[in-house]
Amino acid sequence: MRLPILALAVASFCIGTTEFVIMGLLPEVAADLGVSIPAAGLLVTGYALGVVIGAPVIALATARMPRKLVLVGLASLFVIGNLLCAIAPNYWMLMAARVVTAFGHGAFFGIGSVVAASLVPKNQQASAMAMLFAGLTLANILGVPAGTALGEAFGWRSTFLAVVVIGLVSVAAISWLVPNNVAPPSGSGIAGEIRVLGRLQVWLAMLISALGSGALFAVFTYIKPILTDVTGVSVPAVTWILLLFGGGMTVGNIIGGKLADWRMMPTIIGSLVALVAMFLVLHKVGPFPWLVIPMVFLWGLLTFLPIPALQLRVVDSASGAPNLAATLNQGAFNMGNAAGAWIGGAALTLGVSYANLPLVGAAIVLLALGVALASLLIERGGRMTVAGASTIG
């Protein structure tokens, strides 16, 4: 069952490259289309909004369709969207193409998680999800740097054409390797998918996801000035340090899948406690490059350590009709990305220094930790109630 999940990971790599490579090509895009760099930066925002809006729409519209057909369709949407990006004649056509492409992002990872989990035994489901997300982490290590270099050498449109080729490979791989009868949709259809959103644990898990990504982007959005102004590293060195962050993400994703298969909630809570400690240490060692560099790797590792567990938590909490909830969890991550970047910017505007920005990240993670502990207590309270009722009966 590894090969079908590997096919999904190839598509995940394509999606991750599409989302993040634009950040390294903003000057080239702005110059070619005759807009300012801040205006080109809105292409990132447009994509994020497309993910948030498109995730529930696609999940509900495809609720009764075979999962394999939906995944092939979403991967095909990315191929078409990136082709439109490559040939866009102006800024607004490129923006429209980015938004259209993003519509399938959340649904692919949400439905793909459900499919990956269905292909393996119960005690391997988080690892299967981690394998799916591995494509996303590898996109940050390989896809984005390679795509940026390609765009700088041959023009930004060549990068999107390269993603089209990878996307075609993913469509073929999913069509060939994913079983036709995988994870059949629930008989409850759209009504059932919406009904599970009434479960408190589903929303608590998504809130943890949003706060976790918010803590990341509140600091990581400003990682370049932190490294250059506070730590004192050179601008060229920043790229290599960020590759370490991507490497940490990849390692954390793999370890997180194994730990979540062992104990799901302890993995989430332990990861959040470690993240708080990491931010506090990062704040203290900020001026010392030889300490900050390994901390950046650890930051990436701890950031992705709880991701498979959180996705599995949502799927388990929405059992019976998990597709919409799993898809909305991807929207929660993107909402956290946007909110975290805004919170970090607002903190800087209010006078918080770059050196103290990790404290903002720590505060947000503490909120996530509080939600996780509340979720665990509510769950245990529910189990005691059920056990008590069974005893009385």
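Biologist: Why is R313 called buried?

Modeller: R313 has 5% relative accessibility, and buried means under 20% relative accessible area, exposed over 50%, partly exposed in between (1.4 Å probe, protein chains only). R313 therefore counts as buried. Bear in mind that this is a predicted model, where local features need pLDDT of at least 70, side-chain atom pairs count only at pLDDT 80 or more, and totals for chains, interfaces and linings use all residues. Residues are numbered from 1 along each chain as its sequence is written, and side-chain values use heavy atoms, without hydrogens and water.

Biologist: What makes R313 and E379 a salt bridge?

Modeller: Their N and O atoms are 2.9 Å apart, and a salt bridge needs a side-chain nitrogen of Lys or Arg within 4 Å of a carboxyl oxygen of Asp or Glu, so the pair qualifies. R313 sits in helix 15 and E379 in helix 17 (residues 357-392), 66 residues apart. Helices here are DSSP runs (H or I, at least four residues; strands are E, at least two), numbered from the N terminus.

Biologist: How many salt bridges does the structure hold?

Modeller: Three. In one of them, K122 meets D316 at 3.3 Å, N to O. This pair joins the loop between helix 6 (105-118) and helix 7 (125-154) to helix 15 (residues 307-317), across 194 residues. K122 is exposed because its relative accessibility is 57%, whereas D316, at 26%, is partly exposed.

Biologist: And which residue pairs with R157?

Modeller: D32, with the closest N and O atoms 3.3 Å apart. R157 belongs to helix 8 and D32 to helix 2 (residues 26-33), 125 residues apart. Both are partly exposed: R157 has 25% relative accessibility and D32 has 43%.

Biologist: How do you know that helix 4 and helix 8 are roughly antiparallel?

Modeller: Helix 4 (residues 67-87) and helix 8 (residues 156-177) pack at about 165°, with axes 8 Å apart. Angles under 35 degrees count as roughly parallel, over 145 as roughly antiparallel, 65 to 115 as roughly perpendicular and the rest as oblique. The two helices are therefore roughly antiparallel.

Biologist: Back to accessibility: why is G246 called buried?

Modeller: G246 lies in helix 12, and its relative accessibility is 2%. That is under the 20% limit, so G246 counts as buried.

Biologist: What about I255, buried or partly exposed?

Modeller: I255, also in helix 12, has a relative accessible area of 36%, so I255 is partly exposed.

Definitions and conventions: Axes fitted to C-alpha atoms, helices over the stretch in contact; angles between N-to-C directions.
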